Amino acid sequence: MLFLKYNETTETLWFNLKGVIRPESVFILFYHWSHRQVDNAHVMSVPKRVAHVRHYRQVENEGLNADQWSNYNTNLTSETRLDPVFEKKLIDNVVSTVKYVYEQRWVRCEEIPEGILQRFGRTLMDCLFKNETISVNSEK
């Protein structure tokens with residue numbers, strides 16, 4: 001959750017504009033703008049009262065896009081935390097999504113097609129049969 005660690009910002013400049021895209025709908029990006037997309041794609045500009053995009057930038061003087069400070073009149077100007085209510089909701093949603101992905105039940109060997117299970121083996125498929133259980137501190 002980078003938004004908790006990095007929240008110092010610079011002034012807003014024309015090259016700070018960013019795009020939010022659906023990759024399946026966009027064919028060509030020109031820097032941060034959709035240049036060619038599917039015919040029915042909806043392209044629009046959204047004022048910052050509707051959406052806010054945070055862009056994390058390399059600030060070291062070495063590496064790709066080095067010396068970003070030469071684009072700005074000042075260094076980091078202020079701390080801009082998200083609204084506390086929104087930040088809490090975002091944290092809860094990120095944690096919930098991570099748990100949804102990583103706290104799933106074990107895959108049952110019976111659910112894997114027999115040919116795949118035979119071809120790749122039970123160890124690689126990391127499955128359990130319906131009558132088996134797993135302990136957190138033991139191997140399957």
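Five salt bridges are counted in this structure, a salt bridge being a side-chain nitrogen of Lys or Arg within 4 Å of a carboxyl oxygen of Asp or Glu. The model is a predicted one, in which local features need pLDDT of at least 70 and side-chain atom pairs count only at pLDDT 80 or more, while totals for chains, interfaces and linings use all residues. Residues are numbered from 1 along each chain as its sequence is written, and side-chain values use heavy atoms, with hydrogens and water left out.

The protein chain contains three helices and four strands. Helices (H or I, at least four residues) and strands (E, at least two) are DSSP runs, numbered from the N terminus. Read from the N terminus on, the order of the elements is α-β-β-β-β-α-α. Of the 140 residues in the protein chain, 11% are buried. Here buried means under 20% relative accessible area, exposed means over 50%, and partly exposed lies in between (1.4 Å probe, protein chains only). The accessible surface of the protein chain comes to about 12400 Å², and 55% of this surface belongs to carbon and sulfur atoms. Accessible areas come from the Shrake-Rupley method with a 1.4 Å probe, and for residues only the protein chains shown count as cover. Among the contacts in the protein chain with a separation of 6 or more, 44% are made by residues 24 or more positions apart; a contact means heavy atoms within 4.5 Å.

Side chains of opposite charge can pair when their charged atoms come close. One of the salt bridges joins R122 and E132, at 2.3 Å from N to O. R122 lies in helix α3 (residues 114-125) and E132 in the segment after α3, so this pair ties together parts that are 10 residues apart in sequence. R122 is partly exposed, because its relative accessibility is 32%, and E132, at 31%, is also classed as partly exposed. Another salt bridge is formed by R36 and D39, whose closest N and O atoms are 3.5 Å apart. In this pair R36 has 38% relative accessibility and therefore counts as partly exposed, whereas D39 has 73% and therefore counts as exposed. The side chains of E111 and R108 also meet in a salt bridge, with 3.7 Å from N to O. E111 is partly exposed at 42% relative accessibility, and R108 is partly exposed at 32%.

A search of the whole structure gives zero aromatic pairs, where rings of Phe, Tyr and Trp (its six-membered ring) pair if their centres lie within 6.5 Å, and planes under 30 degrees apart count as stacked, over 60 as edge-to-face and the rest as tilted. The ring of F120 has the charged end of R119 over it, 5.2 Å from the ring centre. A charge sits over a ring if NZ of Lys or CZ of Arg is within 6 Å of the ring centre and within 35 degrees of the ring normal.

On the surface, V98, Y100, V101 and Y102 form a nonpolar patch with about 500 Å² of accessible area together. Patches are made of residues with over 30% relative accessible area and no salt bridge; like charges are joined within 9 Å, and nonpolar side chains (Val, Leu, Ile, Met, Phe, Trp, Tyr) within 5 Å. Y100 belongs to helix α2 (residues 84-102) and counts as exposed, with 60% relative accessibility.

S25 lies in the loop between β1 (8-9) and β2 (26-30). At 18% relative accessibility, S25 is classed as buried. Leaving aside residues up to four places away in sequence, S25 touches Q37, V38 and A41.
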